[in-house]
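User: I have a structure open and want to go through a few of its local features. Can we start with the backbone?

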Amino acid sequence: MRWEHDVRLATLARYRIGGPADRLARPQNLDELRDLFGDLGEAPYEVLGTGANILISEAGLRAPVLVLGGEFGGLEVEDGAIRAGAATKLPALAGAARKSARVGFHFLEAVPGTVGGGLRMNAGARNEWLWDRVEWVDAVTPSGELVRLTPEEAQPSYRRVSVPENWVFVAARFETKEGDPGAIREAHFNFRERKVNDQVYDLPSVGSTWKNPESPHPSAWQIVDEVGMRGARSGGAQIAERHANFIVNLGDAMAEDVLDLMIETRKRAHVHFGLWLEPEIRFWGFEADRLAEVGAV
Ligand SMILES: Cc1cc2nc3c(=O)[nH]c(=O)nc-3n(C[C@H](O)[C@H](O)[C@H](O)COP(=O)(O)OP(=O)(O)OC[C@H]3O[C@@H](n4cnc5c(N)ncnc54)[C@H](O)[C@@H]3O)c2cc1C
């Protein structure tokens, strides 16, 4: 398996921000992934989907990066289930469910990213999450062992799952029920239309910046709005006018621009609401003190 060197992560990540990975490999199947683990020994590594939830620093990453491809991109519709490889795109999974009239996948419409990233983040919206549909997930441990996990074992919750961070999800089987094709098409169409109208798709972003705090606090977007940060700009990054929980890259944003907006928002939210916002997005390649300022550690 070949390692590529000095790969600019901005070209692979949705935000179009991020410096080089010293080493990056694109395993196409389980054997190649296991070979890489053999190569890595005990060394830490990162897995990149499409970076639709990651802010990567300009310094980039010294840890090797794995990007799944090839056989990990499979998608099969079966009786009562859909099987997907971890590199399959979430909108492709939503599309397969819609076309085969399976209920309950509309909430993945217009959610960028891969099944692997979606499982790690427990992607979803409005109380419907990817792990709600899972029958089992296959993950590979750093020693190359293939482990099959049920939702009961993985204990998914809001934007997290209790599976070690260095296990790589490689495939999943989603339980499905057939429904009325017209009603399913409409549910998908309505969800997509509302999401695309309310959120930001014309500029690079990584979706919701902050997790929603627990009730009785308002939603994260309302907090950002109320502390006067909607539309705020730092360098090439801006808190979107259309959706205050999105920070967009106007074209030449640096990672530090995004971080500055987040840190200022977080300080103001603490003053006004007495709470510390918690980031939904993940951070690669930052110093511990910057991560602490943004609430990521
Ligand atoms: C416009 C927009 C709208 C969005 N809307 C939503 C939404 O409605 N709901 C929602 O939940 N999110 C939303 N997001 C965020 C994003 O789409 C999800 O978090 C998605 O699951 C990220 O997938 P990814 O493959 O890009 O993961 P990445 O961002 O590449 O990675 C996210 C995390 O998953 C890990 N990871 C990736 N692949 C694997 C794997 N195979 N095995 C183990 N770990 C892995 C990474 O190491 C990282 O820690 C939105 C983002 C954008 C830009």
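Analyst: Take A101 to begin with: its relative accessible area is 10%, so A101 counts as buried, given that buried means under 20%. Keep in mind that this is a predicted model.

User: Ok, and where is A101 in the chain?

Analyst: A101 sits in the loop between α2 (90-99) and α3 (115-121).

User: Which loop holds N122?

Analyst: N122 is in the loop between α3 and β8 (124-125). N122 also has a positive phi, about 45 degrees, and is not a glycine.

User: Is N122 buried or exposed?

Analyst: N122 is buried, because its relative accessibility is 2% and the cut-off for buried is under 20%.

User: New topic. Which residues does the cis peptide bond join?

Analyst: The cis peptide bond joins S215 and P216, with omega at about 15 degrees. P216 belongs to the loop between α5 (181-198) and α6 (220-226).

User: Now the surface. Which residues form the negative patch?

Analyst: D31, D35, D39 and E71 form a negative surface patch.

User: Where is D31, then?

Analyst: D31 is in helix α1, which covers residues 30-40.

User: And why does D31 count as exposed?

Analyst: D31 has a relative accessible area of 55%, and exposed means over 50%, so D31 falls in that class.

Definitions and conventions:
Residues are numbered from 1 along each chain as its sequence is written. This is a predicted model: local features need pLDDT of at least 70, side-chain atom pairs count only at pLDDT 80 or more; totals for chains, interfaces and linings use all residues. Side-chain values use heavy atoms; hydrogens and water are left out. Patches are made of residues with over 30% relative accessible area and no salt bridge: like charges are joined within 9 Å, nonpolar side chains (Val, Leu, Ile, Met, Phe, Trp, Tyr) within 5 Å. Accessible areas come from the Shrake-Rupley method with a 1.4 Å probe; for residues, only the protein chains shown count as cover. A salt bridge is a side-chain nitrogen of Lys or Arg within 4 Å of a carboxyl oxygen of Asp or Glu. Lys and Arg count as positive and Asp and Glu as negative; His and the chain ends are not counted. The place of a charge is taken as NZ of Lys, CZ of Arg, CG of Asp or CD of Glu. Helices (H or I, at least four residues) and strands (E, at least two) are DSSP runs, numbered from the N terminus. Buried means under 20% relative accessible area, exposed over 50%, partly exposed in between (1.4 Å probe, protein chains only).
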